[in-house]
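Work through these exercises with the structure open beside you. Try each task before you read its solution.

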Amino acid sequence: MAGKRVTPFYEPPSLLVQQLRSAFLIRKLTGWTQLPWWATQSGKIFRIAAGCQGIGCFGYRVHPVWEVTSRCNLKCEHCHARGGETDGHDELTTEEGKTKVIDALAEVSDFKSLIFSGGEPLVREDIFELIAHAKARGFYPILATNATLITEEVARRLKAAGTIGIAASIDSTKDEVHDAFRRQKGALKMAKEGIANASAEGMYIQINITASAINRTELPDILAYADDLRAHVVLLYQFIPSGRGEDSSSLELSSEEFRQEILTVGKVQRNLHPVIAPVGLPEYWALHNVMKNRGEPSSVLRGCICGNGMFYIKPNGDVWPCAFVPVSGGNLRSMSPEEIWNGSKLFTDLRNRENLKGKCHDCSQREVCGGCRARAYARTGDLFAEDDRCPMTADERSAEPRYMAQD
């Protein structure tokens with residue numbers, strides 16, 4: 001097959017060093033005891049991390065995601081894509097997906113993994129063909145899914161197409177809570193069956209959780225469920241009022257609740273097998289860095305990756321700097337990923353944290369954190385505004401922290 005192939009995760013070898021540094025820093029900041037188990041899973045984890053350049057929002061920094069469709073079999077209350085509300089008429093075609101997305105992404109040296117998302121990507125009829133094309137180009141394909149449609153046969157087809165892992169959404173261990181949030185009776189039962197089917201095929205398993213006013217006290221139980229599954233990573237999303245979530249803004253947590261979440265989750269991480277990677281809460285690593293590392297700067301901790309790692313492709317080809325920031329840096333029907341990634345003013349401005357305002361600009365942890373750009377935009381309409389729900393104190397944000405939070 002003609003066309004450029006993606007270079008493997010181990011080229012250059014310095015990327016492997018960065019991944020190892022990231023794992024050891026997590027252990028230092030949280031007291032994580034399960035690094036030896038994680039090391040036994042390195043065959044899957046190194047491919048999933050795909051040459052990660054440090055710890056950031058969404059787990060690792062460089063993060064191409066393609067929302068292949070906004071169609072969905074569910075209508076979840078918080079969905080940023082408003083899944084299930086459209087008929088998919090403006091989606092990139094199969095041929096556009098292969099040439100304008102997959103082949104073109106392979107031309108960008110930073111990109112090694114590709115996440116297929118939605119909506120629900122499994123409602124797209126050509127999803128297996130697209131995954132196989134990405135695999136043939138050298139990408140490490142991952143499916144972000146609600147998992148309800150992963151039958152044994154679907155799991156086999158995903159594996160055969162080249163899918164190396166799934167990221168499945170679980171928002172409660174209680175059927176009535178999860179099902180209500182997902183607006184579908186039986187959704188939790190079907191999701192658990194789907195995860196089991198993917199696991200039986202030897203796939204990497206990631207659990208996605210959306211922390212909100214509905215389930216924040218239940219987080220330790222959901223994390224315990226992920227641990228029992230021996231999931232490799234947990235993406236702990238924060239509810240951000242975007243998409244359909246704009247209609248449920250009361251679900252957003254307060255600064256005080258964010259702080260309690262950071263401290264609670266940090267303690268749970270110690271004995272948990274999967275690594276917890278908060279999404280929409282870059283202050284998680286900043287606060288732990290102040291608490292355990294005296295706020296020392298780190299080239300491994302990258303915080304918010306809005307435009308600074310995230311490359312989020314909408315079904316019609318628009319490219320957003322984050323799944324929760326509805327601002328386009330260009331469209332793949334008329335521009336190449338390279339032009340957007342390295343040339344879009346939106347993306348380049350977001351990479352310069354001198355552009356941040358207020359307490360985010362002045363914070364000693366600016367490069368480690370950067371504040372959540374999606375939350376700042378949702379609350380103010382300004383991508384560069386301060387994150388007004390930052391859970392850190394003024395002393396913790398100061399250039400020379402006088403106060404070190406206690407365990």
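**Exercise 1.** Which residue in β7 does I166 stand opposite?

*Solution.* Begin with the ground rules. This is a predicted model, where local features need pLDDT of at least 70 and side-chain atom pairs count only at pLDDT 80 or more, while totals for chains, interfaces and linings use all residues. Residues are numbered from 1 along each chain as its sequence is written, and side-chain values use heavy atoms, with hydrogens and water left out.

Next, find the strands. Strands (E, at least two residues) and helices (H or I, at least four) are DSSP runs, numbered from the N terminus. Strand β6 covers residues 165-169 and β7 covers 204-211. They run parallel, joined by 5 bridges. Two strands pair if DSSP finds at least two bridges between them. Now read across: I166 faces I205.

**Exercise 2.** Classify the ring pair Y237 and F324, then say which parts the pair ties together.

*Solution.* Start with the rule. Rings of Phe, Tyr and Trp (its six-membered ring) pair if their centres lie within 6.5 Å; planes under 30 degrees apart count as stacked, over 60 as edge-to-face and the rest as tilted. The rule gives 10 aromatic pairs. For Y237 and F324, the centres are 6.2 Å apart and the planes meet at 75°, so the pair is edge-to-face. Y237 lies in strand β8, and F324 in the loop between β12 and α12 (337-343), so the pair ties together parts 87 residues apart in sequence.

Then check burial. Buried means under 20% relative accessible area, exposed over 50%, and partly exposed in between (1.4 Å probe, protein chains only). Y237 has 17%, so Y237 is buried. F324 has 10%, so F324 is buried.

Compare another pair. Y284 and W285 are edge-to-face, at 4.8 Å centre to centre and 90° between the planes. Y284 and W285 are both buried.

**Exercise 3.** Which residues do ring pairs link into a cluster with W341, and what lies over the face of W341?

*Solution.* Ring pairs link W341 with F111, F311 and F347. R351 lies over the face of W341, at 4.3 Å from the ring centre. A charge sits over a ring if NZ of Lys or CZ of Arg is within 6 Å of the ring centre and within 35 degrees of the ring normal. R157 lies over F128 in this way, at 3.9 Å from the ring centre.
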